[in-house]
Amino acid sequence: MSAPPFADIKPWPPTRYTAPLSPDFPSALDPWLPVLRIVWAVAFGYWFENWQVALLRAVLEVYPEGHPRAGQLRYRQVVISVARQNGKSEIAAALGLWRLLSKAGALVIGIASSAEQARIIYDRAMLAINANPSLSKMFDRLTDTRGIRKRDGGRWELKASKSAALQGLPIDLGLVDELHVIRRALWFDLVNGTGGRPNCLVAGITTAGDAESDLLIDLYKLADHATADADTRFGVFIWEAPEDRVPDDDETLGRWLAMANPVVASGLSDLETVISDARTNPDPELIRYRLNRFLQSVRAPFIPPDKWHAVTRRESEAFPATRAVFTFDATPGLSFATITATARGEDGTVHSEIVGSVRNPTIERLASIASHLMRHNPITFAVDGYLLRRLGIELQRRGYPVMIGSQSDAISSAALLYRLVAAGTFRHAGDPLLSRQIPLAIRRNVGDSFTISRTDSSIEIDAVKATALGALALEVTPNRPRTLMH
């Protein structure tokens with residue numbers, strides 16, 4: 001078997017990093033490695049990859065004998081940046097557990113964009129503790145609300161970024177997840193909470209951001225200086241592709257994915273599958289979350305015209321003769337409404353076409369159209385929950401099957417439609433209205449996801465939104481037989 005195109009790329013060290021003070025540097029993790037290895041093996045049945053252990057050791061590097069700060073943690077702040085699906089949560093959980101075990105009365109604060117996000121790391125640590133009887137004896141009963149409480153006074157508390165109150169807390173370890181969506185002040189509140197005490201650390205683990213990621217932009221600037229400063233106390237470990245673009249050829253893309261994803265460089269993932277999956281992501285998503293490069297803008301075209309043209313329904317293809325989803329969307333102010341039909345072919349391909357465009361629609365008129373469409377025994381009606389909630393409620397009142405799209409549905413539908421188009425498993429009828437709207441429809445980042453933005457697009461996009469929501473409704477609604485209504 002020939003060597004992969006990235007055989008020269010290793011998972012460790014990262015693309016950019018602060019070099020250790022010596023090749024055989026000591027680490028505060030070393031005395032606890034045997035313990036953590038047993039804990040992880042009992043709880044999860046495996047141990048970290050070599051690159052993860054190397055990272056944890058480097059983050060917890062201590063000054064060597066003979067140094068004025070011998071035995072103390074070298075770093076006061078650490079930024080770890082790596083693409084998605086590379087075990088970030090496990091790395092952070094191991095850091096938090098190490099701090100609770102290694103210091104009596106330690107205070108660990110976990111922060112993320114939401115309490116739910118912070119819990120991903122926290123829950124991993126709880127599982128490790130609960131699975132080990134000898135370890136769990138060191139802790140009080142663990143609860144979702146009180147946090148992790150150690151019998152020696154140590155505790156791990158969660159703070160949502162929007163409500164975190166950190167002033168006055170004597171923080172030993174601050175763990176910040178997804179720095180690109182965290183407010184700048186919170187990071188420095190954590191740093192100030194360490195109070196200049198030795199062996200305190202604030203560590204952030206993240207993927208790349210965009211033009212609105214103020215904190216991460218600042219920390220990347222500090223990283224540029226830190227990598228050239230042998231005396232730095234700011235640790236930097238960044239895996240990233242060399243450029244913020246998507247290569248046209250798969251060999252280059254494979255190399256760049258290996259540079260940003262140590263699990264790929266380790267050979268733990270099938271390269272062909274990784275590349276194929278990556279190609280189904282919108283370019284901005286691929287650049288940011290798989291190549292781990294900053295986006296220069298939070299806005300970008302939703303679907304490139306060439307990708308949209310490639311999935312135009314061929315003359316030999318027909319709209320499936322199966323039950324369909326009928327979707328209603330409208331322009332702000334209800335100047336126009338678009339109605340689409342979405343159905344799945346025998347080969348699994350999703351077909352969509354516009355079946356109606358209504359000028360100056362009223363709820364009553366749209367409900368009347370829906371009543372006529374009921375003769376086709378639809379799987380469901382889908383309506384935009386922001387502009388057409390009243391229509392959805394009226395259809396529910398009539399006993400019709402209805403999905404009222406939420407904001408989270410708008411996000412999910414955008415990702416799904418793009419994925420179907422990129423994979424070639426979607427067909428549209430080349431409707432002139434969609435052909436006019438698609439090139440001008442703009443995606444906008446929403447946290448770690450994206451949506452199709454009405455405000456940023458330079459044209460009304462009701463047909464685009466209806467097409468996306470219809471695809472999602474088809475995906476999530478069971479296609480159960482339904483008695484025809486007369």
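In S11, which residue is the bridge partner of Phe-328?

Modeller: The bridge partner of Phe-328 in S11 is Ile-339. First, the ground rules. This is a predicted model, in which local features need pLDDT of at least 70 and side-chain atom pairs count only at pLDDT 80 or more, while totals for chains, interfaces and linings use all residues. Residues are numbered from 1 along each chain as its sequence is written, and side-chain values use heavy atoms, with hydrogens and water left out. Helices (H or I, at least four residues) and strands (E, at least two) are DSSP runs, numbered from the N terminus. Two strands pair if DSSP finds at least two bridges between them.

Now the strand itself. S10 covers residues 325-330. Of its 6 residues, 6 are buried, so S10 is largely enclosed by the rest of the structure. Buried means under 20% relative accessible area, against over 50% for exposed and in between for partly exposed (1.4 Å probe, protein chains only). In a regular strand, side chains alternate between the two faces of the sheet. In S10, Val-325, Thr-327 and Asp-329 point one way. Phe-326, Phe-328 and Ala-330 point the other way.

S10 has these pairings. With S11 (residues 336-344) it runs antiparallel, joined by 6 bridges. The hairpin of S10 and S11 has 5 residues between the strands, and Gly-333 takes a positive phi there, near 85°. With S13 (residues 380-384), S10 pairs in the parallel sense over 4 bridges. Here Phe-326 has Phe-381 of S13 as its bridge partner.

Elsewhere, an open sheet has 8 strands with mixed pairing, in the order S1-S8-S2-S7-S6-S3-S5-S4. Its edge strands are S1 (16-17) and S4 (148-149), each pairing on one side only. Within it, S2 (residues 77-81) and S7 (residues 201-206) run parallel, with 5 bridges. Ile-80 has Ile-205 of S7 as its bridge partner.

Last, a helix pair. H8 (residues 250-260) and H10 (residues 271-279) pack at about 100°, with axes 10 Å apart. Axes are lines fitted to C-alpha atoms, for helices over the stretch in contact, and angles run from 0 to 180 degrees between N-to-C directions. H8 is therefore roughly perpendicular to H10, a term for angles of 65 to 115 degrees. Contact means heavy atoms within 4.5 Å. The H8 side includes Leu-253 and Leu-257, and the H10 side includes Val-274 and Ile-275.

How values were computed: Parallel < 35°, antiparallel > 145°, perpendicular 65-115°, else oblique.
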